[in-house]
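Try each task before reading its solution.

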Amino acid sequence: MQQLDLAIIGGGGAGLTAALYAARARRSIIVFEGNVTGGQIATTDKVENYPGFPEGVNGFDLAQLFLQQAEKFGAEVAYERVESLKRLEDGAFEVTSTERTVRARAVIVTAGADYNKLGVAGETELTGRGVSYCGTCDAAFFAGQKVIVVGGGDAAMDEGMFITRYAESVEVVHRRDELRASAILQERAFANPKMSFTWDTVVEAIEGDGKVERAVLRNLKTGETTIRAVDGVFIFIGQVPNNHILKGLVELDAGGHALVDLQMRTSVPGLFVAGDLRTQAARQLISAAGDGATAAIAAEHYLTELDAGA
Amino acid sequence: MADVLEVTDATWDADVLKSDLPVLIDFWAPWCGPCRMVAPIVQELSEEYAGKVTFMKLNTDENPMVPSKFGIRSIPSLLIFDKGELKGTVVGFRPKSDLKKRIDEALTV
């Protein structure tokens, strides 16, 4: 079995920053990533709130820069999904992925969050066939077509505006009568001539033969149901924390995020959680990266103490 | 080292549907970030499956007909054909081990 100082589970902003710090501390590490490096940022068209890029930067490109910088100092990313995390009797950890099991003296979990699903009829069957959770990935397939965007937060506005580059119209369907998105994004969205807003309304079903053709909308105030002919339904309704490997191991808050202290330490010695998966995260790339650095420094202290005691 | 060859709307029938070997086609576009992570994996697979499976790529910006015919509205998408029939579809980035599993499944059924 591979023996390591540190295993990092998740290769997003938090994980890649932790990897950079731990690699520079000359620790033996591995980063597990079951999807695209960069996590949520990898599918963000333009990042405008990460300092150092006054013109903004493409999220995927920025994630690749994070990766290159970590790799430059010797970090290695294994593109494998982690299935379990176990604490051993001697205090070390066993991390099992789809491909291997490694033993690590400390672990930083930066598994982040996944997008929420609507949970309505047709959603799963039509995913990739008109139902999408990523405007920047899929908008180009909707040139000149009609699209619904579900949600009222930053992601919904950002992605909705991106989709208007291609689509003929973007109808934002939101269950409340006001947006949650930041003021600047709201201003831009309201000013966009291709965007319209349907308030107090939910999508109840998505229909079509092999591809999205219709959406069933229901007004929550009047109860009235409308059938809308659309080609795409893009869903941006928040996230769920990827906490399955932490369950039973560390304490979680009501939203399923791990409880940590200001050094990203969980109640389990040697186990750290950083980024969107930790409690009260700001859910920004910059704070995730900051968390990753904090966790790596705390893990380094932990390992140094172990080294001294051994 | 076999390069992953381009297939187009015009060459689709000859290159894919009439191929003697099973064909995996990587649907991609230059603006698609995750597609840039799929490409090197497809390249590696093309070496591992040399002589058993042909690997090709299709630029969806330049070739709208084939993607539209197969209802592709998300990339990266990988389609696996054998003897002119669609045997499997993978939508989105997946690690290499997942892809190998999907290829093997698609071709043993």
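**Exercise 1: the sheet of chain B**

In what order do the strands of the open sheet of chain B lie? Keep in mind as you look that this is a predicted model.

Solution. Start by walking across the open sheet from one side to the other: its 5 strands have the order β1-β3-β2-β4-β5, and their pairing is mixed. Next, look at the edges, where β1 (5-6) and β5 (85-91) of chain B each pair on one side only. Now zoom in on β1(B): with β3 (residues 54-59) of chain B, this strand pairs in the parallel sense over 2 bridges. Within that pair, E6(B) stands opposite K57(B) of β3(B).

**Exercise 2: helices on the sheet**

**Exercise 3: where the chains meet**

How many residues of chain B are in contact with chain A, and which element of chain B gives the most?

Solution. Begin with the count: 15 residues of chain B contact 21 residues of chain A. On the chain B side, the elements giving two or more residues are α2 (33-48) and α4 (96-108). Of the elements on this side, α2(B) gives the most, with 3 residues. Finally, sort the chain B side by class: 8 residues are nonpolar, 5 polar and 2 charged.

**Exercise 4: two helices of chain A**

Are α4(A) and α5(A) parallel or oblique to each other?

Solution. Locate α4 (residues 154-163) and α5 (residues 183-191) of chain A; their axes come within 10 Å and cross at roughly 40°. That angle makes α4(A) oblique to α5(A). The crossing is left-handed. Contributing to the contact from α4(A) are D154(A), M157(A), D158(A), G160(A) and M161(A), and from α5(A) come L185(A), Q186(A), R188(A) and A189(A). By class, this contact has 4 nonpolar, 2 polar and 3 charged residues.

**Exercise 5: the domains of chain A**

Which residue ranges make up the two domains of chain A?

Solution. The domain assignment gives domain 1 as 2-115 + 239-309 and domain 2 as 131-235. Their C-alpha centres lie 33 Å apart. Where they touch, 4 residues of domain 1 of chain A contact 5 residues of domain 2 of chain A.

Methods:
Residues are numbered from 1 along each chain as its sequence is written. Chains are lettered from A and ligands numbered from 1 in the order in which they are written. This is a predicted model: local features need pLDDT of at least 70, side-chain atom pairs count only at pLDDT 80 or more; totals for chains, interfaces and linings use all residues. Two residues are in contact if their C-beta atoms, placed from the backbone, lie within 7 Å. Helices (H or I, at least four residues) and strands (E, at least two) are DSSP runs, numbered from the N terminus. Ala, Val, Leu, Ile, Met, Phe, Trp, Tyr, Cys and Pro count as nonpolar, Asp, Glu, Lys and Arg as charged, and the others, Gly among them, as polar. Two strands pair if DSSP finds at least two bridges between them. Axes are lines fitted to C-alpha atoms, for helices over the stretch in contact, and angles run from 0 to 180 degrees between N-to-C directions. Angles under 35 degrees count as roughly parallel, over 145 as roughly antiparallel, 65 to 115 as roughly perpendicular and the rest as oblique. A crossing is left-handed if the near helix is turned anticlockwise from the far one by less than a right angle, and right-handed if clockwise. Domain bounds come from an automatic or database domain assignment.
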